[in-house]
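The exercises below are to be worked through with the sequence and the 3D structure in view. Each task is followed by a solution that goes step by step.

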Amino acid sequence: MDSLLFLIFAAITVICAINLVVQTHPISSALSLIGVMGSLAVLYLLLGGEFIAAAQLVVYAGAIMVLFVFVIMLLNAGGERKKPRRLWPRYAGIPLLFLFLALMGYVGNRVLPPSGDVTFGSFVGGSAQEIGKRLFTVYLLPFEVTSVLILIAIVGAIVLARKEID
Amino acid sequence: MPLPPLPFPPTPPLTWYLALSAILFALGVAGFLFRRNIITVFMSIELMLNAVNLSFITFSYKLKQNDGHIFSFFVMVVAAAEAAVGLAIILTVFKNRQTLEIDEVSSLKN
């Protein structure tokens, strides 16, 4: 059952990711990315990350992707124009990609020690309570620094995107 | 009537999650390198960040600690900040040049 859920949502994730890369119109890519994020949230749930799954849906699929879609609509972005590619990426790109995947698969299967299976519900440290405890004790300083980062990002976004007022 | 045996183990091994993470990261790199629209390139970066998050949470499951969850929470926060600033930069680029093709935004070249 766990495997079935994993395979279904992993297939959705990979298909949406391939669609993201293949589509030329940015709005299609954005919708595929929402699919990727939604199914990744299910995988996080299978791994016991309740809080992270919720945050994934709210922050990524909700806030960030709305921002993307909003900017795409605002700029009225069209599809890409076809242009001839240089020679070596066309013929070397895909084989190198598979080489990278094979390397990762080798490391995952041979170099790492045998890892065991993932059973749903055997890890309960991902609830909001546990995350909150850890976040506000051990990781308190990084959490507070994050607020400064977000403040800087807000100011930066406003300064970059404002209209010049004379 | 008993169901026929499944062609895969009943619970997924941890390496499947890591393999999925690697596949997503590779697709993100491919999109980053192949696409010419700034916004699609930016979304490929988000895809790579998501792949890394999946790795973090997988290892967090393996080690039975929730530090990986907190790391990926911080990754999400940084991604949100990055998206806000990056999209503001894209807006400015479009306002000044009326284009979203990365090949045409090349004034730093030469």
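**Exercise 1.** In which helix of chain B is the place of T40(B)? Decide also whether T40(B) is buried or exposed.

*Solution.* This is a predicted model, in which local features need pLDDT of at least 70, side-chain atom pairs count only at pLDDT 80 or more, and totals for chains, interfaces and linings use all residues. Residues are numbered from 1 along each chain as its sequence is written, and chains are lettered from A and ligands numbered from 1 in the order in which they are written.

Step one is to locate T40(B), which lies in helix α2 of chain B; helices here are DSSP runs of H or I with at least four residues, numbered from the N terminus. Step two is to count neighbours: T40(B) has 27 C-beta neighbours inside 10 Å and therefore counts as buried (20 or more other C-beta atoms within 10 Å mean buried, 12 or fewer exposed, and anything in between partly exposed, with C-beta atoms placed from the backbone). Step three is to list contacts (C-beta atoms, placed from the backbone, within 7 Å): leaving aside neighbours within four places in sequence, T40(B) touches P26(A), S29(A), G31(B) and R35(B).

**Exercise 2.** Describe how α2(A) and α2(B) pack, and which classes of residue take part.

*Solution.* Two packed helices are described by the angle between their axes and the distance between the axes. For α2(A) and α2(B) the angle is about 5° and the axes are 10 Å apart, where axes are lines fitted to C-alpha atoms over the stretch in contact and angles run from 0 to 180 degrees between N-to-C directions. The two helices are therefore roughly parallel to each other (angles under 35 degrees count as such). The residues of this contact divide into 13 nonpolar, 3 polar and 1 charged; Ala, Val, Leu, Ile, Met, Phe, Trp, Tyr, Cys and Pro count as nonpolar, Asp, Glu, Lys and Arg as charged, and the others, Gly among them, as polar.

**Exercise 3.** Which residues of α1(A) are buried, and what covers them?

*Solution.* The buried residues of α1(A) are F6(A), A10(A), T13(A), C16(A), A17(A), L20(A) and V21(A). They lie on the same side of α1(A), because they cover an arc of only 140° around the axis, the arc being that of the directions from the helix axis to the C-beta atoms. Their cover includes α2 of chain A, together with α1 and α2 of chain B. The face turned away from the buried side carries the exposed residues L4(A), I8(A) and A11(A).

Terms used: Two residues are in contact if their C-beta atoms, placed from the backbone, lie within 7 Å. Angles under 35 degrees count as roughly parallel, over 145 as roughly antiparallel, 65 to 115 as roughly perpendicular and the rest as oblique.
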